[in-house]
Amino acid sequence: MKGVALWFFATGTVAVTLGMLWGIQMSATGNHTLSGAHAHLNLVGWATMALVGLYYHATPAAAETMLARVHYAVSLAGLVILIPGIVQALRQTGETLAKIGSFLTLIAMLIFLVTVAMHARKPA
C-alpha cells in the first residue's frame, strides 16, 4: 500500500487507536456524555477512512488522480473539524464546527461517489 491509499488507511488507524483510548477513558470514568463524538471518530475516522484506503489500494488508477489527493484533504479536514464540533455540540457550547465538519465530510463522500462512478466504467 502506498500513496493516497496509505494516507487514508493510516489516518483510519490513528483514528481507531484514539477512539479506543477514548472509549477506555469513558468506561474508566463512567462518563459517556461524549459517546456520540467517540462513535463518529470510529465511524468516520476508522471505518470510512480505512475502507476508502482499501478502495484506492484496489483501484490504483483512481488513487493516482489529483481528485484522490483533494478527496484525502477534504476528508481529513472534515474529520479534524467534525469531532471537536460534536464535542462542542454535546457540551452545548456551539454547533458551528459540527456543521462545517459535517458539510466537509459530505463533500468528501460526494467526491468518493464521483470517483467510484468514474472508475467503475474503466476496465482494470
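Which residues line the largest cavity?

**Entry 1: basis.** I am reading a predicted model, in which local features need pLDDT of at least 70, side-chain atom pairs count only at pLDDT 80 or more, and totals for chains, interfaces and linings use all residues. Residues are numbered from 1 along each chain as its sequence is written, and side-chain values use heavy atoms, with hydrogens and water left out.

**Entry 2: cavity.** I searched the whole structure and found 1 cavity of 30 Å³ or more. On a 1 Å grid over the protein atoms alone, a cavity is a set of points where a 1.4 Å probe fits but cannot get out, while a pocket is an open set with protein on both sides within 12 Å along at least five of seven lines; lining residues have an atom within 4 Å of a point. I noted a volume of about 90 Å³ for the largest cavity, volume being the space filled by probe spheres set on the points, which are joined across faces, edges and corners. Its lining consists of Phe-8, Val-44, Thr-48, Met-49, Val-52, His-71, Ser-75, Thr-105, Ala-108 and Met-109. Helices H2, H4 and H5 (96-120) each give two or more residues to this lining; helices are DSSP runs of H or I, at least four residues, numbered from the N terminus. H2 supplies the largest share, 4 residues. By class I recorded 6 nonpolar, 4 polar and no charged residues (nonpolar: Ala, Val, Leu, Ile, Met, Phe, Trp, Tyr, Cys and Pro; charged: Asp, Glu, Lys and Arg; polar: the others, Gly among them).

**Entry 3: Phe-8.** Phe-8 and Tyr-72 form an edge-to-face pair, 5.2 Å centre to centre with 85° between the planes (ring centres within 6.5 Å; planes over 60 degrees apart for edge-to-face). Phe-8 lies in H1 (residues 3-29) and Tyr-72 in H4 (residues 66-90), so the pair ties together parts that are 64 residues apart in sequence. Both Phe-8 and Tyr-72 are buried (under 20% relative accessible area, 1.4 Å probe, protein chains only). I counted 7 aromatic pairs in the structure, and one aromatic cluster is made up of Trp-7, Phe-8, Tyr-55, Tyr-56, Tyr-72 and Phe-112.

**Entry 4: pocket.** I noted a volume of about 180 Å³. H1 gives the most to this lining, with 3 residues. The lining divides into 5 nonpolar, 2 polar and 2 charged residues.

Technical notes:
Phe/Tyr/Trp six-rings, centres within 6.5 Å; stacked < 30°, edge-to-face > 60°. Buried < 20%, exposed > 50% of the residue type's maximum accessible area, 1.4 Å probe, protein only.
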